[in-house]
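Here is a friendly walk through one model, with charged pairs, helices and the core as the stops. Have the structure open beside the text as you read.

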Amino acid sequence: MLLFRHRDRIVRLLTTPATEREGAAAPREPEPRNAVERAWVSVLAAADVDDPWRRTTAECAAAAVESGLDPDGVERLRRVFEEVRYGGGEVTAARRRRMERGLSQLDLAGVDPGRGDR
């Protein structure tokens, strides 16, 4: 009886994609705000990490290492990225040096995080 009574609603739920049912659009990738974030995003792009904004930084780092990147360089960048992005740290000269050391360990051609920071 309940199935018959709510059949139209059940059919709509079964035939409507989940994103429409929830009324949510797919999440947008945030734009990098500084050189450290740009470096991290560049490394993930170079490593071809799938859906980096839906993964933890540890998962992204593991995927980057699995793609063949130097584990120490990836870990160095991950730590600096987390300090800046999630820890509220500023892009200091020391953090910039650590980021640049991580990038040099990875030896990625064309990765230039730039100098513009806040």
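Arginine 98 counts as partly exposed, with a relative accessibility of 24%; the classes used here are buried (under 20% relative accessible area), exposed (over 50%) and partly exposed in between, with a 1.4 Å probe and protein chains only. Its side chain meets that of glutamate 83 in a salt bridge, at 2.9 Å from N to O. A salt bridge here is a side-chain nitrogen of Lys or Arg within 4 Å of a carboxyl oxygen of Asp or Glu. The pair links distant parts of the chain, since arginine 98 sits in helix H7 and glutamate 83 in helix H6, 15 residues apart. Glutamate 83 is likewise partly exposed, with a relative accessible area of 27%.

Before going further, please note that this is a predicted model, in which local features need pLDDT of at least 70 and side-chain atom pairs count only at pLDDT 80 or more, while totals for chains, interfaces and linings use all residues. Residues are numbered from 1 along each chain as its sequence is written, and side-chain values use heavy atoms, with hydrogens and water left out. Helices are DSSP runs of H or I with at least four residues, and they are numbered from the N terminus.

**Charged pairs**

Side chains of opposite charge can pair when their charged atoms come close. How many salt bridges does a search of the whole structure find? The search gives seven, and three of them are set out below.

| Pair | N to O distance | Location |
|---|---|---|
| Glutamate 37 and arginine 85 | 2.9 Å | H4 and H6, 48 residues apart |
| Glutamate 75 and arginine 79 | 3.1 Å | both in H6, four residues apart |
| Arginine 98 and glutamate 83 | 2.9 Å | H7 and H6, 15 residues apart |

Is glutamate 37 buried or exposed? Glutamate 37 is buried, with a relative accessible area of 1%. Arginine 85 touches Pro30, Glu31, Arg33, Glu37 and Trp53, leaving aside residues up to four places away in sequence; contact means heavy atoms within 4.5 Å.

The pair within H6 has another setting: glutamate 75 is partly exposed, at 23% relative accessibility, and the spacing to arginine 79 is about one turn of the helix. Salt bridges that share partners join Glu75, Arg78, Arg79 and Glu82 into one network.

H4 has 12 residues and spans 16 Å from its first C-alpha to its last, close to the 16 Å expected at 1.5 Å a residue. That expected span is 1.5 Å times one less than the number of residues. At the start of H4, a side-chain oxygen of asparagine 34 comes within 3.1 Å of the backbone nitrogen of valine 36. The buried residues of H4 are Ala35, Val36, Glu37, Ala39, Trp40, Val43 and Leu44, and they pack against H5, H6 and H7.

H7 covers residues 93-106, and its 14 residues reach 20 Å between the end C-alphas, close to the expected 20 Å. Which residues of H7 are buried? They are Arg95, Arg96, Met99, Gly102, Leu103 and Leu106. They cover an arc of only 125° around the axis, which puts them on the same side of H7; the arc is that of the directions from the helix axis to the C-beta atoms. The cover over the buried residues of H7 includes H4 (35-46) and H6 (71-85).

**The nonpolar core**

Of the 23 residues in the largest nonpolar core, Trp40, Leu69 and Leu77 touch the most other members. Such a core is a set of buried Ala, Val, Leu, Ile, Met, Phe, Trp, Tyr and Cys residues joined through side-chain atoms within 4.5 Å. H4, H5 (57-66), H6 and H7 each give two or more residues to this core, and H4 gives the most, with six. Tryptophan 40 touches Thr57, Cys60, Ala61, Val74, Leu77, Arg78 and Phe81, again not counting residues up to four places away.

**Positive phi values**

Aspartate 48 follows H4 and has a positive phi near 55°. This aspartate lies in the loop between H4 and H5 and is exposed, at 61% relative accessibility. Aspartate 51 is found in the loop between H4 and H5, with a positive phi of about 45° although it is not a glycine. Just after H7, aspartate 107 takes a positive phi of about 50°.

How values were computed:
Polar contact = N/O pair within 3.5 Å; in protein donor to acceptor, adjacent residues only side chain to side chain.
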